[in-house]
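Open the model in your viewer and keep the selection tool ready.

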Amino acid sequence: MASKDGAVIVLMGVCGAGKTTIGRRLEKEMQYKYLDADDFHSELNKEKMRMGIPLTDEDRIPWLEALRDVINEYLDNKKGLILGCSALKNQYREMLRSGYPAYKWGTYASPVNFILLDAPAEVLSVRVNARAAEGKHYMPASLLQSQLDLLKIDDCEGILKVDATLTPEAIVNTILNKLQFQGCFRHNCIEFH
């Protein structure tokens, strides 16, 4: 299933949604490269989050620009990419879509496709608290609500929503079997939304 034309899947959602777990599994299934957007945050951003301070749009812009440039590189080199990224607001997703140089803002016609890993706040809270207790992430559970407050999805964006309370295997199978993505990624073409 390796991409010959270059396509990008952004696994999006708030902390604890399962972006890394699902991204790594999809990487193996699809032979796309998985990158975690958290690795692109500045040390200052990471420190703010460690201290429980929500990031501002100003904090996020350089991070989103770096991610946009990575997306552009993968598309330019005709390589498939799976990016785990919160992508909470439309303007953030637009920045990522613009990694495709011909993208016209507001059209949603881009080889950058978004999949929302969706779960209730209670489930996310349990996951984030468990992860923090294990020392596996710098982001405290106290920031979960600020992310939930920022998450805004418009149906016209064509974002695929997947139930993130399912098992990782079921989530991956759901993503691979969804018709709107199956033809695109299994047959190495680009689907525009």
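The stops below follow salt bridges through the chain.

This is a predicted model, where local features need pLDDT of at least 70, side-chain atom pairs count only at pLDDT 80 or more, and totals for chains, interfaces and linings use all residues. Numbering starts from 1 along each chain as its sequence is written, and side-chain values use heavy atoms, with hydrogens and water left out.

How many salt bridges does the structure hold? Eight. The term means a side-chain nitrogen of Lys or Arg within 4 Å of a carboxyl oxygen of Asp or Glu.

**Stop 1.** Select Lys48 and Asp59. Their side chains form a salt bridge, 2.7 Å from N to O. Lys48 sits in helix α2 (residues 43-50) and Asp59 in helix α3 (residues 57-76), eleven residues apart. Helices here are DSSP runs (H or I, at least four residues), strands likewise (E, at least two), numbered from the N terminus. Both Lys48 and Asp59 are buried, that is, under 20% relative accessible area; exposed is over 50%, partly exposed in between (1.4 Å probe, protein chains only).

**Stop 2.** Select Asp57 and Lys89. The closest N and O atoms of this salt bridge are 3.1 Å apart. Asp57 lies in helix α3 and Lys89 in the loop between β3 (81-84) and α4 (90-97), so the bridge ties together parts 32 residues apart in sequence. Asp57 is partly exposed, at 28% relative accessible area.

**Stop 3.** Select Glu157 and Arg93. Here the closest N and O atoms of the salt bridge are 2.7 Å apart. Glu157 is in the loop between α6 (144-150) and β5 (160-163) and Arg93 in helix α4, so parts 64 residues apart in sequence are tied together. Glu157 and Arg93 are both buried.

**Stop 4.** With Arg93 and Glu157, Glu94 and Arg97 are linked in a network of salt bridges.
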